[in-house]
Amino acid sequence: MKSDKKTAGTSMFPVYHKGRPDERMLLAVITMIFLLAIYIIHRSNLEFGKFDPTITGFIILASFWAIHFFLIFRKEKGDELFLPLAAFLSILGWIIVFRLRPQLASKQMIWILAGEAVFLLWICFVKDYRVLEDFKYLFLVGAVSLQAAVAIFGKEVNGAKLWFDFGVFSFQPVEFVKIFLTVFLAAYLKQNREILDKPINRDSIGLLMRYIIPLLVLWGAAQMVLVLQKDLGMALLLFGTFLGLFYASTRKTGFTALGIALSVGGAFLLYRFFPHMRVRINTWLDPWATAQDSGYQIVQALYAIANGGLTGAGLGMGEPSSIPAIYTDYIFAAILEELGLWGGIVILGLFLVLIQRMFKSSVCSKDEFSAFLALGLGLMFATQVFVIIAGTVKMIPLTGITLPFISYGGSSIVANFLMLAIMFQISSGCRNQ
Amino acid sequence: MNKIREYTKKLFRLYMILFFILGMYIGYIQVAKSGEFMSNTDNPRNYEKMNLRGTIFTRDGKPLAISRDEVKPSGRAFPEKNIYEPYLGYLSVKFGKGGLEDKLDKFLRFSTKNTDFIDYLMRKETKGENVYLTIDPRLQQAAVKALGERKGAVVMMNPRTGEILALASYPSFDPDKLDKDWKKLTSDKDSPFLIRPVNGSYPPGSVFKLFTLASCIEEGVVTPDTVFDCSGDYAMDYELGTYHIREAGGAAHGSVTAVDALVHSCNVGFAQMGLKLGKNKFYEYAGKFGFTEKPDFMLCETEPGFPAKDVLTPTQLAQVAFGQGELTLSPLSIALMTSAFANGGKICKPQIIKSRVDEKGKVVYKCEAEVWKTPVSMETAKKVRDAMIQVVERGTGTAARMDTIKVAGKTGSAENPFGETHAWFTCFAPAEDPKILIVVIVENGGGGGKTAAPVAKELLDLYFSKPGTQK
């Protein structure tokens, strides 16, 4: 990431380059990596069946180039790193999916193209994302009703109702719910920040409570729904986002610590009273005890990761297929097996660069709504990446969430591109000097 | 606004630290722990590396478990089927491993432990060790044949060294059909996976009288000539009424010496002996004979079911003294107890690995006899042994008598909730210079002298038919 230095610079508001040269250079690098990866996969002994989906990879690559030129044409001023990073991660995801389940590669292409379409539509038709602020309660209601609807009408998979099944494709509303909730939180915090900001004394405490309590209720409700739906990963994710936003807006370490303490207590209660939580924690502590049963997935993933070693088995040379959910939640295990520790660290680093750009957009934005929104989205993205990767390598208990941009799956990819569009607009606000 | 920026930066720093820790952790799993995960036999990546797994041999070098690439799906072949199961174990892609394949896994499997740093980074693989068991194939085959299709177990060991020479267990399983029959095997109420000679829990019945006699003699409360009265019914008063101890078959032995009590397996006599010894001493000797702990043996998974001290009320004590009551022991525990009388009061640690040889042919382990417990003195052991000789000469164990060789033994017919009594027989021979110790149990087989002793006799005949089987 040589160009990172140039764009990021030391100044708070980077200069706008006509023609987006950094973006172009990075896309060129990605093109080379893509060609190399395609070559390597074809050299390995993988079999693709009737239809070789290599062409779909080229379509994805071309689409990113097209977006690049479109952004130049529209004289967009958004951060030049967002597009190449999203391109790299989603192309990497496509390569891994292609390598693991060739028959899913074309579908993954469709998801990526759909995500890009959402990105472009948003940029073309939402002139100013700040209108979101005016609809904050709509987002709240939308989030809650989506979540409730899926809990009632959703299709049950592995004992949890998280999906709407539309026959041709299924849709996981929680991916959008998390964005909606972040928008709401950002707007709510902006509106009420003065109150939250006051020093705590006898006069202000009542007022403060009046604003914190609905927030807590909302948050508790969201967590309850998620816990009832056994979607622990998403609960953890919202918790991280909420706490981070709360910390930055109130700057009250005590409250934040209280929030953490409450959650630890809650987690303990979950452990005591929900058998599936207990199974999950025990599986995490000692997966070898149930290596054929509930520990199977994590044990198989550890074998895969160990097989990767320092340099990796090589693309197409590993044997990660024995791991359940390898191309969705567990895709990072496949990456670690085939690309090794080096590859894993590079991808972790690229995620961190993307996260840094998000936080940077928050820091350089000029109004509080934008700052909170960018921070909220950044926190959520960062927490998601951390939670799923740390779960994959057994650092923390496993939770079933996707690795952004990389995992196979439509809802996740489209939602991530939607988030990227919002971030792109926030970052371009930084340059409107 | 500036404050928010400041806190946003703080949050980013927090995430940087979290990601850094995550990166370090991935490194730890992927490089430091890699060798451990990679060499695990359950790792499907290893099935193609099965050629690196060591072989299990009998003591004279007959291969029992070999790795062959062409064997599907597990890569492990068991050339001597239906003889060495279930203790030899299994290795299944789907269901993991069991028995010795599991217990010896850390020696058999290939390793990536390299002293050379470059080899370490490249994770160079070293072939697993070959393991030679103490098992004698001739005796093993004979034991399996002698037990036949009767539920039960046979232990044969060298009482002088603790080397296990044969372990028969019925029912068992076919390692080749394991994957297919798994559900049936695991739900079978006859537990084909249970290594009965080692992990079977049985009431020992009268074979346990050896323990009571030895403890009493050692403690000096009884001599071989102490006389006991047996009217066939011994009544004991306790808080809920009167408890009667009766002889099997309603016999009455009259006045018997301690030796004759053993020879005729007199329950009443032994109940009195146990009460004479007292609860505390009784429990102390149980510890000395190893009945209160798991034997120090790799295949052992079951704790001996010896009643806790506070459970030993006088009525319980009287029952346990002749091997009934709340007492369950494995055939191995009985074998170890018997070995004390064969070995001058010393119990040797049971051994099943004779040696381990690494890839380069270097012997990395060789078993040596090791004393595990010394429950009684040599004099006491001799007295008990002499009584055991009498059992075979003129008592309940005459079915095991040999023409030229003196056999010392004890029968048992253990009452149990599953029907007919379990038939027990424990013996060693030659009595003066023991070379072989045999324990037989036939589940619900009836009388020990009638059912179990002939099995032991068959094995003794075979053992002594060709001298010098033991190297």
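B:Pro171 sits in the loop of chain B that runs between strand E8 (164-170) and helix H7 (178-187). In this predicted model, the peptide bond between B:Tyr170 and B:Pro171 is cis, with omega about 0°.

**Cis peptide bonds in chain B**
- B:Glu85 and B:Pro86 are likewise joined by a cis peptide bond, whose omega is about 0°.
- The loop that holds B:Pro86 lies between strand E3 (76-77) and strand E4 (90-92) of chain B.

**Positive phi in chain A**
- A:Lys75 is not a glycine, yet its phi is positive, at about 55°.
- This lysine belongs to the loop between H3 and helix H4 (82-100) of chain A.
- A:Lys75 counts as exposed because it has 10 C-beta neighbours inside 10 Å, and the cut-off for exposed is 12 or fewer.
- A:Phe405, also not a glycine, has a positive phi of about 70°.
- The loop between helix H14 (368-392) and helix H15 (410-429) of chain A contains A:Phe405.
- With 26 other C-beta atoms within 10 Å, A:Phe405 is buried, since a residue counts as buried at 20 or more.

**Contacts between chains A and B**
- On the chain B side, 33 residues are in contact with 38 residues of chain A.
- Two elements of chain B, helix H1 (2-32) and helix H2 (34-38), each give two or more residues to the side that touches chain A.
- H1(B) gives the most to this side, with 20 residues.
- By residue type, the side of chain B that touches chain A consists of 19 nonpolar, seven polar and seven charged residues.

**Make-up of chain A**
- Chain A contains 15 helices and three strands.
- Of its 433 residues, 47% are buried.
- Among contacts in chain A with a separation of 6 or more, 70% are between residues 24 or more positions apart.

**Confidence in chain A**
- The average pLDDT of chain A is 84, and 92% of the residues score at least 70.
- Helix H3 (residues 54-73) of chain A has the highest mean pLDDT among the elements of the chain, at 95, whereas helix H1 (residues 2-8) of chain A has the lowest, at 43.
- Over residues 1-13 of chain A, pLDDT stays under 50, and the model has 18 contacts beyond four places in sequence for this stretch.

Technical notes:
Residues numbered from 1 in each chain as written. Chains lettered and ligands numbered in written order. Predicted model: local features only at pLDDT ≥ 70, side-chain atom pairs only at ≥ 80, totals over all residues. Contact = placed C-beta atoms within 7 Å. Helix = DSSP H or I, 4+ residues; strand = E, 2+ residues; numbered from the N terminus. Nonpolar A, V, L, I, M, F, W, Y, C, P; charged D, E, K, R; others polar. pLDDT = per-residue confidence, 0-100.
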